[in-house]
Amino acid sequence: MLSFHSKWVSFTAVASCAVLLSCAVNPATGRREISLVSESQEIAMGREADPAATEQFGGLYGDDELQQYVVDLGNRLAVISERPTLPWEFHLVDHELVNAFALPGGFIYITRGILAHMNSEAELAGVLGHEIGHVTARHSAGQITRAQLGTVALIGGAIFSETLRDNLGGAAAGLGLLMLKYGRDDESEADALGYRYVTRERIDPRGISDVMRMLQSTNPSAEEMGIPGWMLSHPDPGDRVAANDRRIRESGTDFSTYALNRDEFLQRLDGLVFGEDPHQGYLIGERFIQPDLQFEITFPSGWRIQNSPSAVQAGATSDDAVMQLTFSNAQTPAACARAFVAQDGVTGGRSGQQRVNGLEAAWAEFTVQTQSGEIRGRVSCVAHADNVYQVLGYGTRAGWTTHAASVGGAMSTFRHVGDARYLSVAPHRIDIVRLPRDMTFAEFTQQYPSTVPDDEVRLVNQVGEDVTLRQGRLMKRITGGQIPTS
Ligand SMILES: [Zn+2]
């Protein structure tokens, strides 16, 4: 089912359908659909966007066993779907945000943040089945546009010439994100398909209701550094728990012999990183500190900042200027600055070399003519330890007039960090404990203290305030965590 964004697109689609007779029945939804995108195109789109999408959500989570577990469970559900021959890929990505998403062609992503909030294999299967449903019903294939793909490529990429050439209507396009937002009908349909795959695989569909309740109880509009949470990308069609419970009732099936796999699942989460991982770099206000690489930079006041493994980006809230920090392949700062202005379409202006906080550095001003107007900016390259870093700032002509001084000021804040207080950091982790006796939640947090607030512990365990926790039950507590806040 394609969801059309405008009458114009809709008209085009109908026309091409009539001319090319490219209508087919979707095996998952049973509906006739107009294929604007062939299956091979769909796969190509997913494959093209996959590296940037993975990157945007923090890269792959570095636990091979857990990664393989997600892959195996995902494949079990995918092969019994209506599109078993797609090149299905399942990725556990290293982001604390509660989200899961799918790209066309069968590329599916689960954050470690959503995993941390789950309490059984049936819940994970519920989310994977739902995302598989978006793919088999071809929701995202209809939605993802070339512009979005361009934006995604840009996020992951160090391809600045492309950055500057493409769709810079607002210069902050550089901060555009992979934001697939489904319609409510698509959500209901993906829920129904997820139920189908989960029950075919003899996994308890009551886990679907559990995970939906969990998703509703996590911050519904969680948006962190510009990245949408589950509820933003998957609008609640309303009563989805009730709809799932109704499916269960109406099936007339006794699901008690179906797999919930609560304990086995929770054991797998033991040691999982919880919340922000400061080793990926962390923020104190607008001050970004990368403890493993031992540098810091302070972005202009009030800017939105987004961090991914290969780039840190910041954007003015007025959407007319951005900054981006990446690794440079150049051997020296001067070579880095020269290489930047030597790109096609980039016109170099004033340039020079001067040390930044004792570090060897070079800078150049530049302009780029685009279809939507002139882009102006400044590149600053700094040598630190074994790396050369490129700090790029640019904006629309008007935006640059407003922001050039603060961007220049931000560039001059790049410095070495040697203070152990900022370098010896550690993330929080999940610790799984088995209760030796019946106890209340208050007794649990007293006997097994966590290093995050009780409300958060309650949320990840999905337990109410007054419930008695039974002897033998596995519970998550959160330990460790060392992240400076000032
Ligand atoms: Zn969805």
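A residue is called buried if 20 or more other C-beta atoms lie within 10 Å of its own, exposed if 12 or fewer do, and partly exposed in between. By this count Ile 432 is partly exposed, because it has 16 C-beta neighbours inside 10 Å. The structure described here is a predicted model, and the residue classes below rest on the same rule.

The chain has 486 residues, of which buried residues make up 43%. Its secondary structure consists of 18 helices and 23 strands. Among contacts between residues at least 6 apart in sequence, 69% join residues at least 24 apart. The mean pLDDT of the chain is 84, and 83% of the residues reach 70 or more. Over residues 145–178 the pLDDT is below 50, and this stretch has 79 contacts in the model beyond near neighbours in sequence. Residues 1–22 also have pLDDT under 50, and the model gives them 28 contacts beyond four places in sequence.

The interior is considered next. In soluble globular proteins, nonpolar side chains tend to be buried together. The largest nonpolar core of this model contains 60 residues. The members that touch the most other members are Leu 77, Tyr 109, Ile 110, Ile 114, Leu 115, Ala 125 and Leu 128. Helix H5, which spans residues 121–136, gives the most to this core, with seven residues. Domain 1 (7–144 + 180–269) and domain 3 (423–482) both give residues to the core, so the core lies between these two domains. Another core, of 43 residues, lies apart from it and includes Tyr 282, Phe 288, Ala 321 and Tyr 389.

Leu 128 touches Leu 73, Gly 74, Leu 77 and Ile 108, when residues up to four places away in sequence are left out. Val 127, also found in helix H5, is buried because 27 other C-beta atoms lie within 10 Å of its own. With residues up to four places away in sequence not counted, Val 127 touches Ala 100, Ile 110, Ile 114 and Val 211. Val 127 and Leu 115 are 12 residues apart in sequence, and their C-alpha atoms are 9.9 Å apart in space.

Helix H5 packs against helix H10 (residues 206–217) at an angle of about 80 degrees, and the two axes are 7 Å apart. H5 is therefore roughly perpendicular to H10, because angles of 65 to 115 degrees are counted in that class. On the H5 side, the residues that meet H10 are Ala 122, Glu 123, Ala 125, Gly 126 and Val 127. Their partners in H10 are Arg 206, Gly 207, Ile 208, Asp 210 and Val 211.

Arg 202, by contrast, is exposed, because it has 10 other C-beta atoms within 10 Å. The phi angle of Arg 202 is near 55 degrees, a positive value in a residue other than glycine.

A positive phi is also found at Gln 462, where the angle is about 50 degrees and the residue is again not a glycine. Gln 462 is in the loop between helix H18 (454–461) and strand S22 (468–469). With 17 other C-beta atoms within 10 Å, Gln 462 is partly exposed.

Ile 432 lies in strand S20, which covers residues 426–434. Without residues up to four places away in sequence, Ile 432 touches Leu 266, Gln 267, Leu 269, Asp 270, Leu 474 and Lys 476. Ile 432 and Leu 269 are 163 residues apart in sequence, yet their C-alpha atoms are 7.5 Å apart in space.

Ala 243 is placed in helix H12 (residues 240–251). Ala 243 counts as partly exposed because it has 18 C-beta neighbours inside 10 Å. From Ala 243 to Ala 192 the C-alpha distance is 8.8 Å, across 51 residues of sequence.

Conventions: Residues are numbered from 1 along each chain as its sequence is written. Helices (H or I, at least four residues) and strands (E, at least two) are DSSP runs, numbered from the N terminus. pLDDT is the predictor's confidence in each residue, from 0 to 100. Two residues are in contact if their C-beta atoms, placed from the backbone, lie within 7 Å. A nonpolar core is a set of buried Ala, Val, Leu, Ile, Met, Phe, Trp, Tyr and Cys residues joined through C-beta atoms within 7 Å. Domain bounds come from an automatic or database domain assignment. Axes are lines fitted to C-alpha atoms, for helices over the stretch in contact, and angles run from 0 to 180 degrees between N-to-C directions. Angles under 35 degrees count as roughly parallel, over 145 as roughly antiparallel, 65 to 115 as roughly perpendicular and the rest as oblique.
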